[in-house]
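Visitor: I would like to learn how to read a protein structure. Please take one feature at a time.

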Amino acid sequence: MITLVSPSLPYGFAKRHGVLLLDAGEIARVGVREGADPIALIEARRALGRPLSVEPLSPAAFDRQLSEIYAGDHLNAADDDLEMPAGLDSLIDDIPAAADLLDTADDAPVIRLINGIIAEAVRAGASDIHLETYESALVVRMRIDGVLREALSLNPRIAPLLVSRIKVMARLDIAEKRIPQDGRIPLALGGKTLDVRVSTLPSRGGERVVLRILDKDQAGLTLDRLGMADDALAAFRAALAEPNGIILVTGPTGSGKTTSLYAGLALLNDGARNILTVEDPVEYAIDGVSQTQVNPKVGMTFAAGLRAILRQDPDVVMVGEIRDVETAGVAVQASLTGHLVLSTVHTNDAAGAVTRLRDMGIEPFLLASTLRLVVAQRLVRRLCPHCRMAEKADEPSARLIGAKAGVTIWRPHGCAHCADTGYIGRVGLYEVLKVTDKVRRLIAAEAGEDALVEAAFKQGGTLSDRARDLVLAGVTSVEEAVRVARQETATDPAEAA
């Protein structure tokens, strides 16, 4: 087990020469990247002033250790140390295309504070950072595993400094504080490449800022790593193998819909297909896939973008979201003309997607002939394996998950490993509605959602069923399953396993 210590070698030296300090004992243990110059070890020994024990590291392992060791904690910077950096306007052209967060030795305190906040968020696995300005404090909160947690509370007079610096990094207008602005910041955290989306919004206490952290490593997720049950995964793969039709992924914001679509595109991206996407915004760059971003200000809507890419001889088309009848209509026509269309809609479950498209004005017979699969998904927090507590389910808890009273369930407790939350990480819940001949006839006959659910999930497999399985397996808690699934599971405990 590698013990992470405060670095004694400068970050720039470690990154450039491939040598980093792993353990500062009497004999310093250093990690050396494959292919590193041996002369760098001589300089490292001189700087550390002690003998060295060398541990070879692959490039990937070296980059990971570099990020973990040098992502220093700058969150405790004193308010008095923060001063407005001079000439913010002139800094815009000086910022490199992808500034490295960890190379901060000579930066101003405000810059180090921002970098430290982002580095801490990445370390904690946060998806969003909220900078909220109030009259009494500047509150920094991070969304970790789908739940906001307060990370820092600062003097409110620091807010203009942080907001201005973030605007400079995102190339926004620092003088404009009356209207919302959106931008992005490409960053590097050691060997990790990040894309940070920035949104500012005027508020009573001053501008508030939300940073969405997009880890480009997540774009490489494959279908096998999504966490789908075997039957759901097989159905998804079968639908992707179809030459044409529509595959929909549905769920609330932040439920991983885009990740699932990208995983599907990765399977199809074999070099033999022309794959085009129209997204809002393009979250991750995928090699071999042509990605277009919508821009409503100039008339580049989802529908307009979809019409345009259909003239580019595509085999597979991905539309970020079906929001209106125009986009839905073009998607249906695209599938009828021999294209495989992947997209998302916002509904609570898989059957609701059929109703939503029907309500938009898509003819039922067209929907029945083009729809291939609907995936509804959620993300639930995993119980911390170090501190979860087993207990027998009482009647109310058992009823919530559709199980028998007395079965073993697990509760969150909280410890140092999970920051006293009781949870570490998240796992996906997937409900896959296959459009079989029976379901197709029901769609064409304008059947209701209850009839579709009865036909598609007679053998189980709904979100509630998946949630119950995870609770009984000790992966998550009853409270978390109910919070995320938003519905009760089986109503007859006698039928539960």
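Visitor: Which strands does helix 2 lie across?

Guide: A note before the reply: this is a predicted model. Helix 2, residues 39-48, lies across strand 1, strand 2 and strand 3. Its direction is at about 135 degrees to strand 3.

Visitor: What is the order of the strands in the open sheet of 3 strands?

Guide: The order is 1-2-3, and the pairing is mixed. Strand 1 (19-23) and strand 3 (52-57) are the edge strands, each pairing on one side only. From one strand to the next, the twist averages 35 degrees.

Visitor: In what sense do strand 1 and strand 2 pair?

Guide: They are antiparallel, with 4 bridges between strand 1 and strand 2 (residues 28-33). For one place to look, find Val 19, which stands opposite Val 32 in strand 2.

Visitor: How many residues does the hairpin between strand 5 and strand 6 pass through?

Guide: That hairpin has 4 residues joining the strands. Strand 5 (residues 126-133) pairs with strand 6 in the antiparallel sense over 7 bridges, and Ala 126 has Ile 144 of strand 6 as its bridge partner. Strand 6 is also joined by 7 bridges to strand 7 (residues 147-154), again antiparallel. There Ile 144 is partnered by Val 147. The hairpin of strand 6 and strand 7 has 2 residues between the strands, and Asp 145 in that hairpin takes a positive phi near 55 degrees.

Visitor: Is strand 6 mostly covered or uncovered?

Guide: Mostly covered: 5 of the 7 residues in strand 6 (residues 138-144) are buried.

Visitor: Why is helix 11 described as largely enclosed?

Guide: Because 9 of its 11 residues are buried, helix 11 is largely enclosed by the rest of the structure. Among the buried ones are Val 354, Leu 357, Arg 358 and Met 360.

Visitor: Which residue caps the N-terminal end of helix 11?

Guide: Asp 349 does, with a side-chain oxygen 2.8 Å from the backbone nitrogen of Gly 352. After helix 11 comes Gly 361, with a positive phi near 115 degrees.

Notes. Residues numbered from 1 in each chain as written. Predicted model: local features only at pLDDT ≥ 70, side-chain atom pairs only at ≥ 80, totals over all residues. Heavy atoms only, no water. Buried < 20%, exposed > 50% of the residue type's maximum accessible area, 1.4 Å probe, protein only. Polar contact = N/O pair within 3.5 Å; in protein donor to acceptor, adjacent residues only side chain to side chain. Pairing = 2+ DSSP bridges. Axes fitted to C-alpha atoms, helices over the stretch in contact; angles between N-to-C directions. Contact = heavy atoms within 4.5 Å.
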